[in-house]
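Hi,

Here is the structure I promised to pass on. Have it open while you read, and then go through my notes below.

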Amino acid sequence: MSDKCACKGSFLDRFVQPSILMLLMKDDLHGFSILKRLYSSDVMDYSSLDPTGLYRTLKKMEEAVLLRSKIDAGSETQLRRIYSITDEGKICLIFWIDTLQDYRKRIDSLASAVRESVRDFIEYCESEENS
């Protein structure tokens, strides 16, 4: 089974948006700085986050008016965008609180149902190991 299988937790892209908004509540940031902070996050594991996917997400969030960007005129080596959260983005982040709590309840319920559905198989595997 591939390490990139969703069953191993590598496809948690829904959580990128609130994480970006949370970072931008503290500071305006370049895209690469957002990526580095997500990679070093102790809130979620973003080690498998694709940089191209991040920039696509930033563009979609800007189109949805959750954030805005401006070109960094102070960068002499290359043009970089600085992202900042909008008032709409702050309101969205507030809604994420309830959404994440609802996800937690649904995930807990699903995990219990999955555990129950494979219980006999797990017991069978354990008995085979012990024989």
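A word on the ground rules before we start. This is a predicted model, so local features need pLDDT of at least 70 and side-chain atom pairs count only at pLDDT 80 or more, while totals for chains, interfaces and linings use all residues. Residues are numbered from 1 along each chain as its sequence is written, and side-chain values use heavy atoms, with hydrogens and water left out.

**The layout**

The protein chain has four helices and three strands. Both kinds of element are DSSP runs numbered from the N terminus: helices are H or I with at least four residues, and strands are E with at least two. If you follow the sequence, the pattern is α-β-α-α-β-β-α. Of the 131 residues in the protein chain, 27% are buried. Buried here means under 20% relative accessible area, exposed means over 50%, and partly exposed is in between (1.4 Å probe, protein chains only). One more number for the chain: take the contacts between residues at least 6 apart in sequence, and 48% of them join residues at least 24 apart. A contact means heavy atoms within 4.5 Å.

Which residues of helix 1 are buried? They are V16, P18, S19, I20, L21, L23 and L24. The cover over these residues includes strand 1 (29-30), helix 2 (31-39), helix 3, strand 2, strand 3 (81-85) and helix 4.

Helix 3 (residues 51-63) is worth a look here. Its axis and that of helix 1 are 11 Å apart, and the two helices pack at an angle of about 75 degrees. The axes are lines fitted to C-alpha atoms, for helices over the stretch in contact, and angles run from 0 to 180 degrees between N-to-C directions. That makes helix 1 roughly perpendicular to helix 3. For the wording, under 35 degrees is roughly parallel, over 145 roughly antiparallel, 65 to 115 roughly perpendicular, and the rest oblique. On the helix 1 side you will find V16, Q17, I20 and L21, which meet L54, T57, L58 and M61 in helix 3. Sorted by class, the contact of helix 1 with helix 3 has six nonpolar, two polar and no charged residues. (Ala, Val, Leu, Ile, Met, Phe, Trp, Tyr, Cys and Pro count as nonpolar, Asp, Glu, Lys and Arg as charged, and the others, Gly among them, as polar.)

In the loop between helix 3 and strand 2 (67-71) sits V65. V65 has a positive phi of about 65 degrees, although it is not a glycine. With a relative accessible area of 41%, V65 is partly exposed.

**The aromatic rings**

How many aromatic pairs are there? The structure holds two. Rings of Phe, Tyr and Trp (its six-membered ring) pair if their centres lie within 6.5 Å; planes under 30 degrees apart are stacked, over 60 edge-to-face, and the rest tilted. F15 and Y103 have ring centres 6.0 Å apart and planes at 80 degrees, so this pair is edge-to-face. F15 lies in the segment before helix 1 (16-26) and Y103 in helix 4 (residues 87-130), so the pair ties together parts that are 88 residues apart in sequence. F15 is buried at 16% relative accessibility, and Y103 is buried at 19%. W96 and Y103 form an edge-to-face pair too, with 6.3 Å from centre to centre and 70 degrees between the planes.

**The salt bridges**

The structure holds four salt bridges, meaning a side-chain nitrogen of Lys or Arg within 4 Å of a carboxyl oxygen of Asp or Glu. Here are three of them:

- D72 pairs with R80, and their closest N and O atoms are 4.0 Å apart. D72 is buried at 15% relative accessibility, whereas R80 is partly exposed at 35%.
- R106 and D102 meet at 2.9 Å, N to O. They are four residues apart in helix 4, so about one helical turn separates them. R106 is exposed at 58%, and D102 is partly exposed at 30%.
- E116 and R119 meet at 2.7 Å, N to O. These two are three residues apart in helix 4, again about one helical turn.

Cheers
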